[in-house]
Amino acid sequence: MAMAKSLLRVGRNDAAVIRLEQLDKQNPTSETAGLLGSILLQDHQLDRAEALLKRAVQTDPHNTTYLNKLGACYFAQFRKNSNPSLRAAAMDAWSRSLEINPNQKQIKTLESSATKQRIRD
């Protein structure tokens with residue numbers, strides 16, 4: 001894991017992804033799935049990111065970072081194809097995160113934005 005994080009710090013995301021995929025095959029953990037899912041989310045590989053982030057949340061359901069990233073992934077998918085169930089899934093992930101830690105101003109803003117978008121649709 002330390003090598004993958006070092007690769008990320010120096011901007012070698014492709015190499016970090018390869019290392020994380022190796023680690024995930026050897027010993028799947030929520031940390032590996034969450035980090036790999038986050039990188040793939042940034043790279044707009046939304047289907048792969050979703051699968052990994054869902055696994056991270058299933059393993060560590062109280063981790064607000066994983067919930068927030070999963071919400072962001074669902075919302076990015078919603079923006080891509082306008083499927084209302086994806087917006088609802090994003091809002092659900094963010095709501096669960098806010099139940100755990102209500103002091104997340106940025107997540108409250110995202111949730112509010114998603115709600116307003118639903119009202120306009």
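## A question to start with

Which residues of α4 are buried? Look for L46, A49, E50, L52, L53, A56 and V57: those are the buried residues of this helix. Keep in mind that you're looking at a predicted model.

## The whole chain

Let's zoom out. The chain has 7 helices and 0 strands, so if you walk along from the N terminus you'll read the elements as α-α-α-α-α-α-α, with a helix being a DSSP run of at least four residues.

How do 121 residues fit together? A compact globule of that length would have a radius of gyration near 14 Å, and the chain comes out at 15 Å, which agrees. If you draw a box around the C-alpha atoms along the principal axes, you get roughly 45 × 30 × 25 Å. Contacts tell you something too: take those between residues at least 6 apart in sequence, and 43% of them join residues at least 24 apart.

Of the 121 residues in the chain, 42% are buried.

Now for charges. You'll find 18 positive and 12 negative side chains in the chain, with the centres of the two sets 4 Å apart.

## Back to helix α4

Helix α4 covers residues 46-59, which is 14 residues. From the first C-alpha to the last, α4 reaches 20 Å, close to the 20 Å expected at 1.5 Å a residue.

## Helix α3, mostly covered

Next up is α3, where 11 of the 13 residues are buried. They are S30, T32, A33, G34, L35, L36, G37, S38, I39, L40 and L41. What do the buried residues of α3 pack against? Their partners are α1 (2-9), α2, α4 and α5.

The length of α3 works out as well: its 13 residues should span 18 Å at 1.5 Å a residue, and the end C-alpha atoms are 18 Å apart, which agrees. After α3 comes H44, and its phi is positive, near 60°.

Note on methods. Residues are numbered from 1 along each chain as its sequence is written. This is a predicted model: local features need pLDDT of at least 70, side-chain atom pairs count only at pLDDT 80 or more; totals for chains, interfaces and linings use all residues. Side-chain values use heavy atoms; hydrogens and water are left out. Helices (H or I, at least four residues) and strands (E, at least two) are DSSP runs, numbered from the N terminus. The radius of gyration is taken over C-alpha atoms; the globule rule is 2.2 Å times the number of residues to the power 0.38. Buried means under 20% relative accessible area, exposed over 50%, partly exposed in between (1.4 Å probe, protein chains only). Contact means heavy atoms within 4.5 Å. Lys and Arg count as positive and Asp and Glu as negative; His and the chain ends are not counted. The place of a charge is taken as NZ of Lys, CZ of Arg, CG of Asp or CD of Glu. The expected span of a helix is 1.5 Å times one less than its number of residues.
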